[in-house]
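Colleague: Please put the model up, and let us go through it piece by piece.

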Amino acid sequence: MNTSDFRSVYRPKKFSEAIGNKWSIQTLKNIVISNRIPNGILFHGHPGTGKSCLSYVFVKALNCLNFKEDVCDVCKNCLLMEKYYPHGSWLADFHDCTIMKEDHLEYLIKNHFTAFPQNRPDKNIHVFDEFQRTRSSFQEKLLRQLDTNPNLLLIFLLIDASHVEDAFRQRVLVLKTERPEIQEVIPWLRRICDSEQIAVKDVRALKELAITAGLLPRECLSLLQKVSYMDNILTTDLVKEAARDYRSTTKETPSYVFSEE
Ligand SMILES: [Zn+2]
């Protein structure tokens with residue numbers, strides 16, 4: 001994909017490129033290394049904290065032909081995952097629960113989730129994004145599948161884990177995604193500025209940007225891109241200018257973020 005969209009260029013393509021979520025990443029790596037793959041994994045967390053990115057890299061890792069500590073990013077499966085981002089070609093089946101009908105779930109169940117050709121012989125991988133949009137009958141059907149079909153890996157993404165029943169949560173591995181620390185965001189932003197040839201006037205500008213974006217990596221990228229259109233020097237004033245109509249559109253930046261000096 002040829003794009004200059006920062007959100008796409010700088011999204012993590014490997015575990016080592018992700019910032020924050022250290023323990024979730026370690027857990028996912030251990031699963032791949034040990035090849036002890038659970039039937040169900042549920043990622044939950046505020047929008048922008050990395051649920052989609054982490055689950056995508058995890059699916060890539062499960063299909064990577066040379067996985068060591070991280071995906072190789074050069075084998076045919078890694079290349080396929082990148083080529084068909086965000087759907088991963090036939091290496092996994094990605095479902096958007098905002099538009100998925102229960103009929104389609106019935107169809108998947110009837111076909112033992114193998115309707116979509118998959119790469120791993122031992123696991124049919126299905127990812128359900130926006131899982132909070134499903135009804136309890138939908139969740140119950142999937143819960144039954146987790147209990148009866150050992151060849152499944154179902155990955156669920158949702159904002160708040162309380163949207164699913166306790167029985168469901170107890171049946172799957174639950175991983176919470178969180179905002180990275182500001183100490184992680186700043187060097188990451190600095191590297192991006194370097195590669196985009198954006199001069200950083202002083203570290204306060206990076207801090208201002210990180211805080212304005214609520215420490216959410218993809219929001220940081222959007223804001224940085226906006227600044228980059230205005231000038232190739234990053235200053236606090238420019239960040240404030242770029243953020244003028246930004247805060248009103250970004251909801252829910254936690255207050256603790258702003259209290260940091
Ligand atoms: Zn690979």
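Colleague: Start with His 112: how many other C-beta atoms lie within 10 Å of it?

Modeller: There are 13 of them, so His 112 is partly exposed; the scheme calls a residue buried if 20 or more other C-beta atoms lie within 10 Å of its own, exposed if 12 or fewer, and partly exposed in between, with C-beta atoms placed from the backbone. Bear in mind that this is a predicted model, in which local features need pLDDT of at least 70 and side-chain atom pairs count only at pLDDT 80 or more, while totals for chains, interfaces and linings use all residues. Residues are numbered from 1 along each chain as its sequence is written.

Colleague: And where does His 112 sit?

Modeller: His 112 is in the loop between α5 (102-110) and β3, where helices (H or I, at least four residues) and strands (E, at least two) are DSSP runs, numbered from the N terminus. Its phi is positive, about 55°, although His 112 is not a glycine.

Colleague: Which peptide bond is cis, then?

Modeller: The bond from Tyr 85 to Pro 86 is cis, with omega near 5°, and Pro 86 belongs to the loop between α4 and β2.

Colleague: Changing topic, in what order do the five strands of the open sheet come?

Modeller: The order is β2-β3-β4-β1-β5, with parallel pairing; two strands pair if DSSP finds at least two bridges between them. At the edges are β2 (93-96) and β5 (173-176), each of which pairs on one side only. On average, neighbouring strands of this sheet are turned by 15° against each other, direction ignored.

Colleague: What packs on that sheet?

Modeller: Helix α3 (residues 51-63) does, touching β1, β3 (124-129) and β4, and its direction makes about 175° with that of β3. Axes here are lines fitted to C-alpha atoms, for helices over the stretch in contact, and angles run from 0 to 180 degrees between N-to-C directions.

Colleague: Why do you call α3 largely enclosed by the rest of the structure?

Modeller: Because 12 of its 13 residues are buried, among them Leu 54, Val 57, Phe 58, Lys 60 and Asn 63. The cover over the buried residues of α3 includes α2 (22-34), β1, α4 (76-83), β3 and β4; contact is taken as C-beta atoms, placed from the backbone, lying within 7 Å.

Colleague: Back to β4: how many of its residues are buried?

Modeller: Seven of its seven residues are, with Leu 152, Leu 154, Phe 156 and Leu 158 on one side and Leu 153, Ile 155 and Leu 157 on the other. β4 (residues 152-158) pairs with β1 (residues 40-44) in the parallel sense over five bridges, and five bridges also join β3 to β4, which run parallel. For individual partners in β4, Phe 43 is bridged to Leu 157, His 44 to Leu 158, and Phe 128 to Phe 156.

Colleague: What else is Leu 158 in contact with, leaving aside neighbours within four places in sequence?

Modeller: The contacts of Leu 158 are His 44, Glu 130, Phe 131, Gln 132 and His 163. Leu 158 has 21 C-beta neighbours inside 10 Å and therefore counts as buried, and its C-alpha atom is separated by 7.7 Å from that of Leu 42, 116 residues apart along the chain.

Colleague: Last topic: what are the domains?

Modeller: The assignment gives domain 1 (6-176) and domain 2 (182-259), with bounds that come from an automatic or database domain assignment. Their centres, taken over C-alpha atoms, are separated by 30 Å. Seven residues from domain 1 and 12 residues from domain 2 take part in the contact.

Definitions and conventions:
Two residues are in contact if their C-beta atoms, placed from the backbone, lie within 7 Å.
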